[in-house]
Amino acid sequence: MYCPHCYFQNPIPPPPSAYLTMELEDGSVQKYPLGTSNSIGRHPNNTIQIMDRMISKHHARLVFQGGHFLVEDLQSRNGTFINGQRISDASIHSGDELQLGTVKFHCFVGAQADETINSALQSAEDSKRHQVTIIGGEDLSAQIAQVRHEMEARDFLPERDIRDTDSLRRDYEKLRITHELNRKIGLQLDQDVLFNQILEETFKLIQADRGVILMMDGEGNWEPKCVLERYPDESRKEEINISKTILQAVVEERSAILSSDAKIDERFSSAESVIMQGIRSSMSIPLISRSNGEILGVMHLDTQNAIGVFTEKDLQLMSVVASQAGDAIDNSRMAKKIEKETIIRAHLQRFLSPAVMTRLTQDDLEIRMGGEMVEATMMFTDIRGFTSLSEGFNPQELIQELNTYFDLLVDIIFAREGTLDKFIGDAIMAVWGTPQSRPEDALHAVQAAVEIQAILKGFNVKRVEDGKPPFYTGIGINTGEVVAGNMGSPKRLEFTVIGDGVNLASRLCSEAKANEVIISESTRQHLGDMFDFTRLPDAKVKGKKDPIKIYRVEGYSKEHSTNSPETEEPTSTHNLKASL
C-alpha cells in the first residue's frame with residue numbers, strides 16, 4: 001500500500017490465524033485455513049471447494065480487509081447466512097456460524113483460533129493415524145480394492161431398498177456430474193482441453209488433492225499430459241512424483257487400483273515415492289480404448305490428508321469416468337486422423353478427377369507423406385509462342401484468357417480420369433497412374449491429348465473471329481517409372497511425381513510443334529491399334545545419352561474413329577494444323 005506522506009510502500013499486514021471448520025458425516029472435522037482472499041463454491045478454482053448440490057459454483061467470498069474478515073455472497077441461489085441471518089455482505093468473527101445453502105461452518109479467528117482448532121481436531125486426527133478403511137466388508141484384512149471395467153454397479157442399490165435419502169441425494173449428484181462429464185468430453189476433440197475437463201469434473205466427484213493423467217508414448221514411457229491440484233500453492237511448486245509400482249500394477253492387471261492407506265499397503269511397500277510423499281490414499285484407473293483394448297494411459301488421484309477418503313463406490317464411479325475418457329480419447333484421435341485425411345483429400349480434390357476421388361474413397365487408399373515408385377504416364381501441354389502473345393494483353397486480361405483455356409483442358413483431363421499435377425505458367429502437367437493405377441492409363445492420356453487438340457480447333461477459330469490470337473498447343477507424353485507421393489511439409493502438401501520419366505515427357509513437349517502430340521516408345525507400346533502414328537526421326541534430348549524413338553499421334557485409327565470427340569471429327573492432329 002502506497003503512503004502519500006512518507007513516500008514508501010507499507011506492506012499489507014497478513015491476516016490473523018483463521019479457520020473455517022465443517023463437521024463431516026463420520027463425525028470428523030474438516031479444517032479450512034483462511035488467507036487474505038478466499039472463495040467458496042463447487043467449482044475447482046475456488047480456494048475452498050465444497051461438493052454439495054445446495055452450494056453454487058461460486059457461492060461466497062471471504063476477504064480480510066480493515067482488520068477483520070468480510071463475507072460477500074456472490075448472488076448464490078440458496079443464500080449465505082451468518083448466525084442464521086441471510087446476508088449479502090457482512091463481517092464475520094470468531095465463533096460465528098457461517099451457512100452456505102444447507103452447509104454449516106464454524107469460524108475461528110484470532111489468538112484463540114489455533115488452540116480451539118487443535119482441540120476440536122485432535123481426537124479426529126489421532127484416530128485417522130491408525131484408521132484403515134475396510135472395502136466391501138467381507139475381508140477385514142483387505143487394503144486394496146480392484147474394480148474391473150466389466151464390474152456390475154452393485155453398490156447402487158435398487159430404488160425399493162433405499163432408506164437413506166441423504167445417500168440417495170449424494171449418489172444422484174455423482175451420477176448427474178458423471179452424465180454432464182460425458183456430455184462435455186464426448187464433444188471435446190482437443191486432448192489438452194479434454195484432459196483438464198476430466199480432472200476438473202473428477203474433483204467434483206471425489207475429495208482428491210491431486211490428479212494426473214499420464215499417456216504412454218510410442219516407446220512405452222509414461223508422459224504426464226495434465227496435472228491438477230485442488231489447492232495449488234503458486235509460491236511453492238512441489239514436484240509430483242508418480243510411482244512406477246502403481247502404474248505397472250494398473251497396466252499388468254488392466255484394472256483400477258484403490259489403496260486406502262498406501263503406507264501400510266503391502267503391494268506398495270517397496271514404492272519409495274509413495275511413502276516419501278506421504279500419500280495416504282490413492283486411486284489409479286487405466287484409460288482403455290474400447291475399440292481395440294489398448295491401454296491409452298492412466299488417471300492417478302491421491303490425497304495426503306484423509307485416510308479412506310476414497311471408497312470402493314468412488315473407484316467404481318471413476319472407472320465409469322475412465323471408460324468415458326477412453327472413448328473420448330479414441331474419438332479425439334479419430335477426429336484428428338479424419339481432419340488430416342480431409343486436408344489431404346481437399347488438396348487432392350483440386351487435382352484429381354471426381355471418378356478418381358470416388359475410387360480413392362471407396363478403396364480407402366492411404367495417401368502418405370513421402371513417395372513410392374510407380375509406373376505412370378505424364379503429359380505436358382504448352383502454348384507455342386506464348387511470350388510474344390502475352391505482350392498483347394494487360395495482366396488481368398491475360399489471366400482471364402489463360403483461365404478460359406485451362407478450363408477446357410482440365411475438363412478433358414478429368415473426363416479421362418487424369419490427375420492435374422500442376423500449372424506451370426501457360427503449361428499444364430497431368431499424370432495417369434497415380435494415386436491409383438489402371439491398365440488403361442497410357443491410353444487415357446493419349447485420348448485426352450487428342451481430344452484437347454480437337455477441341456482447341458473450335459476454340460481457336462472463335463478466338464480468331466473475335467480478333468484474338470489463337471493458342472496453338474504442343475503436347476508431349478511419356479510412360480515410365482517415377483516417384484509419386486504427397487510431398488512437402490504438412491503445412492503445404494503437394495501431390496506430385498518426380499523422376500527421369502517426368503523429365504522426358506517435358507522434353508517431348510518441347511519437341512512437339514503447334515497442334516502436335518508427341519509420344520515416347522514406352523507410351524506407344526501401351527496403345528495397341530487405337531491410334532495412327534507417324535514415326536519421327538530419333539530425338540536427342542537433354543539428359544539422355546542416346547537418341548530416343550518418338551512418334552506423332554495422327555488421331556484415332558479407322559477402326560476406332562468412333563472414339564473421336566462428338567463435337568469435333570478430326571482424324572489427325574496434323575490435319576488440324578493444316579486447317580488453321
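Okay, let's start with a pair of residues: Glu-401 and Arg-463 are both buried, where buried means under 20% relative accessible area, exposed means over 50%, and partly exposed is in between, using a 1.4 Å probe and protein chains only. Before I go on, this is a predicted model, so local features need pLDDT of at least 70 and side-chain atom pairs count only at pLDDT 80 or more, while totals for chains, interfaces and linings use all residues. Residues are numbered from 1 along each chain as its sequence is written, and side-chain values use heavy atoms, with hydrogens and water left out.

Back to our pair. Glu-401 and Arg-463 form a salt bridge, and their closest N and O atoms are 2.5 Å apart. By salt bridge I mean a side-chain nitrogen of Lys or Arg within 4 Å of a carboxyl oxygen of Asp or Glu. Helices (H or I, at least four residues) and strands (E, at least two) are DSSP runs, numbered from the N terminus.

How many salt bridges does the rule give? The count comes to 16.

Here's another one: Glu-516 with Arg-552, closest N and O atoms 3.2 Å apart. Glu-516 is in the loop between helix H11 (500-511) and strand E25 (517-520), and Arg-552 is in strand E27 (residues 548-556), so this pair ties together parts that are 36 residues apart in sequence. Are these two buried or exposed? Glu-516 is buried at 5% relative accessible area, and Arg-552 counts as buried at 13%.

Now compare Arg-61 and Glu-72, whose closest N and O atoms are 2.8 Å apart in their salt bridge. Arg-61 belongs to strand E7 (residues 60-65) and Glu-72 to strand E8 (residues 68-73), 11 residues apart. Arg-61 is partly exposed at 32%, and Glu-72 is partly exposed at 35%.

Last stop, the sheet. Six strands make an open, antiparallel sheet, in the order E4-E3-E13-E12-E9-E10; two strands pair if DSSP finds at least two bridges between them. At the edges are strand E4 (29-33) and strand E10 (85-87), each pairing on one side only. Inside that order, strand E12 (residues 97-100) and strand E13 (residues 103-109) pair over four bridges, and Gln-99 has Lys-104 in E13 as its bridge partner.
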